[in-house]
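I opened the notebook with the model on screen.

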2 protein chains.
Amino acid sequence: MQTNLSELRCVVMGGGGFVGTNLCQSLAPKVAELRGFGRRQGFPGAIPASTTWIPGDFSDSSSVAAAVAGMDVVFHLISATTPASSNVDKVADIEANLIGTLRMLEACRMQSVKRVVFVSSGGAIYGASQMIPTPEDAPTNPLNSYGISKLAIEKYLNLYNHLYGLDYRILRVSNPYGPYQTALRNQGAIAAFLTRALMGKSIEVWGDGSVARDYVYVSDVVAALEMAAIDQGEERIFNIGSATSRTLLEVIELIENLLGEKISIQFGHGRKLDTPVSRLNTDRARLNLGWEPKVDLEQGLKLTLSWMKAQTCFR
Amino acid sequence: MQTNLSELRCVVMGGGGFVGTNLCQSLAPKVAELRGFGRRQGFPGAIPASTTWIPGDFSDSSSVAAAVAGMDVVFHLISATTPASSNVDKVADIEANLIGTLRMLEACRMQSVKRVVFVSSGGAIYGASQMIPTPEDAPTNPLNSYGISKLAIEKYLNLYNHLYGLDYRILRVSNPYGPYQTALRNQGAIAAFLTRALMGKSIEVWGDGSVARDYVYVSDVVAALEMAAIDQGEERIFNIGSATSRTLLEVIELIENLLGEKISIQFGHGRKLDTPVSRLNTDRARLNLGWEPKVDLEQGLKLTLSWMKAQTCFR
């Protein structure tokens, strides 16, 4: 495995999504070759022109095989469901995410891909953990199908490494936010809150707003993904988060401070799938990858807000 | 939940298989109502006449729904693959075992089943464990798709309990052996060895014979299943094994002693999926279920041999 990004041919599966778009922007000038794969680009024009865009559906195994052919590193960022939607149809969740990924792993094996870097879920995979902040070796009892699929994918990565020598790294990312995250697909509270606030509308909060999450800015996630692509260490699973947590009400207060105005809040019923506090222990990533988050929540919200204001829809 | 078997209506999913046949024989006189479900009865006539037999395929969700309707306890013993076969087509393994089980859980939820007792795999679920004997909270890194499917099913049982209150118990059974296990479906070394020995043929051993497994006699497994059906404790996952392990060569030696003759051994290549030693820590089952194995390997082999000799095919 090369230890230098500049020698690597990489494909970003899910390159048109939130984290994928940010990753493509960062990787494009650094790697030997870059491809993006996905149904569509969420923000046409945001992916650098030097990136080869391969349109395709993750359920179409021949498209997936074409996307990974000749690549050294496959970044796997595709998820067809959200934590909330996954519980509605668990069979569909497994078919889209788990079986889709297995077909991709089979293609990686056939095409002699060297490494898969998988974005797992630091928020969903542990369930209601007894250990806060939660380390990588804590029990994994997901409270949604989304988390179970991610966990099963982690186990198949281990199996493919054991059987066929396909290398891998897993990043259990907490709650990422930042530019290119949209409120449309229920991707995250911050995108939803900022969008509502910018439109001058009230914010809907499920529960009493005391639910606390570990928010991590997307450029820090991208940095971890790049480090994971070339890491030569023994560990394969890394928590990626801010190692702090903020309640929904605290996030709203920060947004109010940024905007200089009060936001109206509507409280709704709490969802059964919510765990009260999620905060990751990121010591392993700090120690083994040399990674640490550089953008705190105040700064990240400011950057995200600036980006949102520059988008046509808010102008 | 009743604490007495005699009040319970039970269905054994996979009732025609090895463990299922033994379980039906034991349960039939003890419970309020007993059904067996499966494609076929492995040994027609072995299931007691008081058991209602429901023929059906696990992939047919309406048959499965009919089988669990009105039942208090569902014993889930169905597995469409073996550890070895599961790696050949991992997608098929997930579809048959994991998705089939999800459809069954959905039926259990709709039909207000009270508890599911699931036979998981103590041999496959931990992978090559660092901790021997292996306790329930050891890391779970299966080295075959069979084990990953079992692990994902365990996680869905936890999710169904969280979302819908469906109670469950999980038995991670090591290597069960005994009457009604056959050499046909690659179910276990002991059935294969005894069959070959009785036919006067040589035994094929993959590897050098030093692979050690934790063999548990089927009546002990059945006792644990019955205890799990009525258990009122806090724990939900229990290792079930002999807490000892024997190498393949040791097993063959015991069989030679029983038969009073030497057996010819052919050594073949070791399989990649074999972990060198598997032995379970069963303290939790002893402490919380009051369970302990009653039949040691010498005695169990003798009982199994007697049963085999009574079968038409060896007479």
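This is a predicted model: local features need pLDDT of at least 70, side-chain atom pairs count only at pLDDT 80 or more; totals for chains, interfaces and linings use all residues.

**Entry 1: two helices in chain B**

I started with helix H1 (residues 18–27) of chain B and helix H7 (residues 218–230) of chain B, which pack at an angle of about 65°. Their axes are 9 Å apart. I noted both values because two packed helices are described by the angle between their axes and the distance between the axes. I then looked up the handedness: H1(B) passes H7(B) in a right-handed crossing.

Which residues of H1(B) meet H7(B)? I listed Phe18(B), Val19(B), Asn22(B), Leu23(B), Ser26(B) and Leu27(B). On the H7(B) side I found Val218(B), Val221(B), Val222(B), Leu225(B) and Glu226(B).

**Entry 2: Leu23 in chain A**

I moved to chain A, where Leu23(A) lies in helix H1 (residues 18–27). Is Leu23(A) buried or exposed? Leu23(A) is buried, with a relative accessible area of 0%. I looked up its contacts beyond four places in sequence: Leu23(A) touches Val12(A), Phe75(A), Leu77(A), Val222(A), Leu225(A) and Glu226(A). I also checked a distance between C-alpha atoms. Leu23(A) and Leu163(A) are 140 residues apart along the chain and separated by 30 Å.

**Entry 3: the cores**

Next I looked at the nonpolar cores. The largest has 68 residues. Met13(A), Met104(A), Met13(B) and Met104(B) have the most contacts inside it. Apart from it lies another core, of 59 residues, and Leu23(A) is among them, as are Val12(A), Val218(A) and Ile263(A).

I went back to Met104(A) for its neighbours. Leaving out residues up to four places away in sequence, Met104(A) touches Met13(A), Phe58(A), Val64(A), Val68(A), Val74(A), His76(A) and Val116(A).

**Entry 4: the sheet in chain A**

I traced the strand order next. Seven strands form an open sheet in chain A, in the order S3-S2-S1-S4-S5-S6-S11. The pairing is parallel. Strand S3 (52–55) and strand S11 (237–240) of chain A are the edges, and each pairs on one side only. Neighbouring strands of this sheet are turned by 20° against each other on average, direction ignored.

I checked which helices pack on the sheet. Helix H2 (residues 61–68) of chain A touches strand S1 (9–13), strand S2 (33–38), S3 and strand S4 (73–76) of chain A. The direction of H2 makes about 165° with that of S2(A). Helix H7 (residues 218–230) of chain A packs there too, touching S4, strand S5 (115–121), S6 and S11 of chain A. The direction of H7 makes about 145° with that of S5(A).

**Entry 5: strand S6 in chain A**

I took S6(A) by itself. Strand S6 (residues 167–173) of chain A runs parallel to S11(A), and four bridges join them. Across that pair, Leu171(A) stands opposite Phe238(A). On the other pairing, S5(A) and S6(A) share seven bridges in the parallel sense. There, Ser120(A) has Arg172(A) as its bridge partner.

How many residues of S6(A) are buried? Seven of the seven are, so S6(A) is largely enclosed by the rest of the structure. I sorted the side chains by direction. Asp167(A), Arg169(A), Leu171(A) and Val173(A) point one way, and Tyr168(A), Ile170(A) and Arg172(A) the other way. In a regular strand the side chains alternate between the two faces of the sheet.

I searched for cis peptide bonds. One joins Ile132(A) and Pro133(A), with omega about -5°. Pro133(A) is in the loop between S5 and helix H5 (145–164) of chain A. In chain B, a cis bond joins Ile132(B) and Pro133(B), also with omega about -5°.

Ala243(A) has a phi of about 65°. Ala243(A) sits in the loop between S11 and strand S12 (246–247) of chain A, and is partly exposed at 30% relative accessible area. Ser112(B) has phi near 55°. Its place is the loop between helix H4 (90–110) and S5 of chain B. Ser112(B) is exposed, with a relative accessible area of 55%.

**Entry 6: the two copies**

Last, I superposed the chains. Chain B can be laid on chain A with an RMSD of 0.0 Å, by a turn of 180° and a shift of 0.0 Å along the axis. The two copies are thus related as by a two-fold rotation axis. Of the chain B residues, Ala152(B) comes closest to that axis, at 3.2 Å (C-alpha). The same surface serves both copies: 100% of the contact residues of chain B recur in chain A.

Conventions
Residues are numbered from 1 along each chain as its sequence is written. Chains are lettered from A and ligands numbered from 1 in the order in which they are written. Side-chain values use heavy atoms; hydrogens and water are left out. A nonpolar core is a set of buried Ala, Val, Leu, Ile, Met, Phe, Trp, Tyr and Cys residues joined through side-chain atoms within 4.5 Å. Buried means under 20% relative accessible area, exposed over 50%, partly exposed in between (1.4 Å probe, protein chains only). Contact means heavy atoms within 4.5 Å. Two strands pair if DSSP finds at least two bridges between them. Axes are lines fitted to C-alpha atoms, for helices over the stretch in contact, and angles run from 0 to 180 degrees between N-to-C directions. Copies are superposed by least squares on the C-alpha atoms of residues with pLDDT of at least 70 in both. A crossing is left-handed if the near helix is turned anticlockwise from the far one by less than a right angle, and right-handed if clockwise.
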